[in-house]
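This report walks through one protein model for a reader who has not seen it before. Please look over the sequence and the structure first.

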Amino acid sequence: MPKNKSHSGAGKRFRVTGSGKILREKAGKRHNLEKKASKVTRRMTGTVEVAKNDVPRAKKLLGL
């Protein structure tokens, strides 16, 4: 069987924890920050777990 190549963009966007969970950054904190309330920008910081329904697709893209 040939090896599967991992998706290079997905490799930059997702991170796998030691227990196997897939983490992602929250969206929306790149531009137009003057218009957004500081409460909103604080909420967009940090990482969250990928949604349960998206995990199989993310694993496939990462080559797991």
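## Overall form

The model described here is predicted. Its secondary structure consists of 3 helices and 3 strands, and along the sequence these elements come in the order α-β-β-α-β-α.

The C-alpha atoms occupy a box of roughly 50 × 20 × 20 Å along the principal axes. The radius of gyration is 15 Å, whereas a compact globule of 64 residues would have a value near 11 Å. Of the contacts with a separation of 6 or more, 50% are between residues 24 or more positions apart.

## Surface and charge

Buried residues account for 14% of the 64 residues. The accessible surface amounts to about 5,800 Å², and carbon and sulfur atoms contribute 51% of that surface.

The protein carries 19 positive and 4 negative side chains. The centres of these two sets are 4 Å apart.

Strand β1 covers residues 14-16 and strand β2 covers residues 22-25; the two run antiparallel and are joined by 3 bridges. Across this pairing, Val 16 is opposite Ile 22 of β2. The hairpin of β1 and β2 has 5 residues between its strands, and Gly 20 in that hairpin has a positive phi near 100°.

Strand β2 also pairs with strand β3, which spans residues 47-49. This second pairing is antiparallel as well and has 3 bridges. Here Leu 23 is opposite Glu 49 of β3. In a regular strand, side chains alternate between the two faces of the sheet.

Is Val 50 buried or exposed? Val 50 has a relative accessible area of 9%, under the 20% limit, and therefore counts as buried. Val 50 lies in the loop between β3 and α3, the latter being residues 55-62. Leaving out residues up to four places away in sequence, Val 50 touches Phe 14, Ile 22, Leu 23, Arg 24 and Val 55. Leu 23 is 27 residues from Val 50 along the chain, and their C-alpha atoms are separated by 5.6 Å.

Phe 14, one of the residues that Val 50 touches, belongs to strand β1. With a relative accessibility of 23%, Phe 14 is partly exposed. Beyond residues up to four places away in sequence, Phe 14 touches Ile 22, Leu 23, Arg 24, Val 50, Ala 58 and Leu 62. Phe 14 and Ser 38, 24 residues apart in sequence, have C-alpha atoms 26 Å apart.

## The loop between β2 and α2

Asn 32 is located in the loop that connects β2 with α2, the helix of residues 38-43. Its phi is near 55°, a positive value in a residue other than glycine. Most residues other than glycine have a negative phi. Asn 32 has 46% relative accessibility, and so it counts as partly exposed.

Lys 36 is in the loop between β2 and α2 too. Its relative accessible area of 28% makes Lys 36 partly exposed. What does Lys 36 touch, not counting residues up to four places away in sequence? The residues in question are Gly 28, His 31, Thr 41 and Met 44.

Gly 46 sits in the loop between α2 and β3. At a relative accessible area of 38%, Gly 46 is partly exposed.

Apart from neighbours within four places in sequence, Gly 46 is in contact with Arg 24, Glu 25 and Lys 26. Lys 21 is 25 residues from Gly 46 in sequence, and the distance between their C-alpha atoms is 15 Å.

Definitions and conventions:
Residues are numbered from 1 along each chain as its sequence is written. This is a predicted model: local features need pLDDT of at least 70, side-chain atom pairs count only at pLDDT 80 or more; totals for chains, interfaces and linings use all residues. Side-chain values use heavy atoms; hydrogens and water are left out. Helices (H or I, at least four residues) and strands (E, at least two) are DSSP runs, numbered from the N terminus. The radius of gyration is taken over C-alpha atoms; the globule rule is 2.2 Å times the number of residues to the power 0.38. Buried means under 20% relative accessible area, exposed over 50%, partly exposed in between (1.4 Å probe, protein chains only). Contact means heavy atoms within 4.5 Å. Accessible areas come from the Shrake-Rupley method with a 1.4 Å probe; for residues, only the protein chains shown count as cover. Lys and Arg count as positive and Asp and Glu as negative; His and the chain ends are not counted. The place of a charge is taken as NZ of Lys, CZ of Arg, CG of Asp or CD of Glu. Two strands pair if DSSP finds at least two bridges between them.
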